[in-house]
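Student: Please take a close look at one part of this model for me. I would like the helix packing first, and then the surroundings that go with it.

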Amino acid sequence: MANKILVVDDASFMRMMIKDILTKNGFEVVGEAENGAKAIEKYKELQPDLVIMDITMPEVDGIQAVKEIKKIAPEAKVVMCSAMGQQAMVIEAIQAGAKDFIVKPFQADRVLEAVKKVLG
């Protein structure tokens with residue numbers, strides 16, 4: 001059975017890019033969200049196997065969203081996306097419970113490597 005993945009990014013073209021990489025490689029994207037608040041709602045509703053989440057978003061950022069999702073489901077698996085030069089935020093996201101991170105612009109093989117590693 002395909003792993004269910006929730007893709008969260010405030011830029012729709014970024015969500016599309018990630019979705020494209022994942023679906024071409026046999027993963028199922030069960031939902032999308034454009035900010036952390038929606039990501040938390042969607043997580044509760046869809047209970048995906050993995051969340052790929054941008055760090056910098058309006059309303060609720062990725063770090064706050066990871067903390068909230070971890071409260072709901074301590075076993076949740078989250079991979080963060082960051083732009084170059086956001087090391088401090090990546091470290092904060094990992095401390096908040098993210099399992100790995102990928103850097104924009106995305107390399108398809110790096111996205112897949114992170115997803116496979118986290119899903120084990």
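Tutor: Start with the contact itself. From helix 3, Ile63, Val66, Lys67 and Lys70 meet Met89, Glu92, Ala93 and Ala96 of helix 4. By class, the residues of this contact are five nonpolar, three charged and no polar. Keep in mind that this is a predicted model.

Now the geometry. Two packed helices are described by the angle between their axes and by the distance between those axes. Here helix 3 (residues 62-72) and helix 4 (residues 87-96) pack at an angle of about 5°. Their axes are 9 Å apart. Helix 3 is therefore roughly parallel to helix 4, as angles under 35 degrees count as roughly parallel.

Next, the core. The largest nonpolar core has 23 residues. Val8, Tyr43, Val51, Met53 and Met80 have the most contacts inside it. Helix 3 gives the most, with four residues. A second, separate core has 21 residues, including Ile5, Val7, Ala11 and Leu119.

Setting aside neighbours within four places in sequence, Val8 is in contact with Ala33, Asn35, Ala39, Val51, Ile52, Met53, Asp54 and Met57.

Asn35 sits in the loop between strand 2 (28-33) and helix 2. Its relative accessible area is 3%, so Asn35 is buried; the cut-off is under 20%. The Asn35 side chain reaches two backbone nitrogens: that of Ala37 at 3.0 Å and that of Lys38 at 2.8 Å. Beyond four places in sequence, Asn35 is in contact with Val8, Met57, Pro58, Glu59 and Val60.

Asp9 is found between strand 1 (4-8) and helix 1 (12-24). With a relative accessible area of 0%, Asp9 is buried. The side chain of Asp9 reaches the backbone nitrogen of Ala11 at 2.9 Å. Not counting residues up to four places away, Asp9 touches Met14, Arg15, Ala33, Glu34, Asp54, Met57 and Lys104.

Definitions and conventions: Residues numbered from 1 in each chain as written. Predicted model: local features only at pLDDT ≥ 70, side-chain atom pairs only at ≥ 80, totals over all residues. Heavy atoms only, no water. Axes fitted to C-alpha atoms, helices over the stretch in contact; angles between N-to-C directions. Helix = DSSP H or I, 4+ residues; strand = E, 2+ residues; numbered from the N terminus. Parallel < 35°, antiparallel > 145°, perpendicular 65-115°, else oblique. Contact = heavy atoms within 4.5 Å. Nonpolar A, V, L, I, M, F, W, Y, C, P; charged D, E, K, R; others polar. Buried < 20%, exposed > 50% of the residue type's maximum accessible area, 1.4 Å probe, protein only. Polar contact = N/O pair within 3.5 Å; in protein donor to acceptor, adjacent residues only side chain to side chain. Core = buried A, V, L, I, M, F, W, Y, C linked by side-chain atoms within 4.5 Å.
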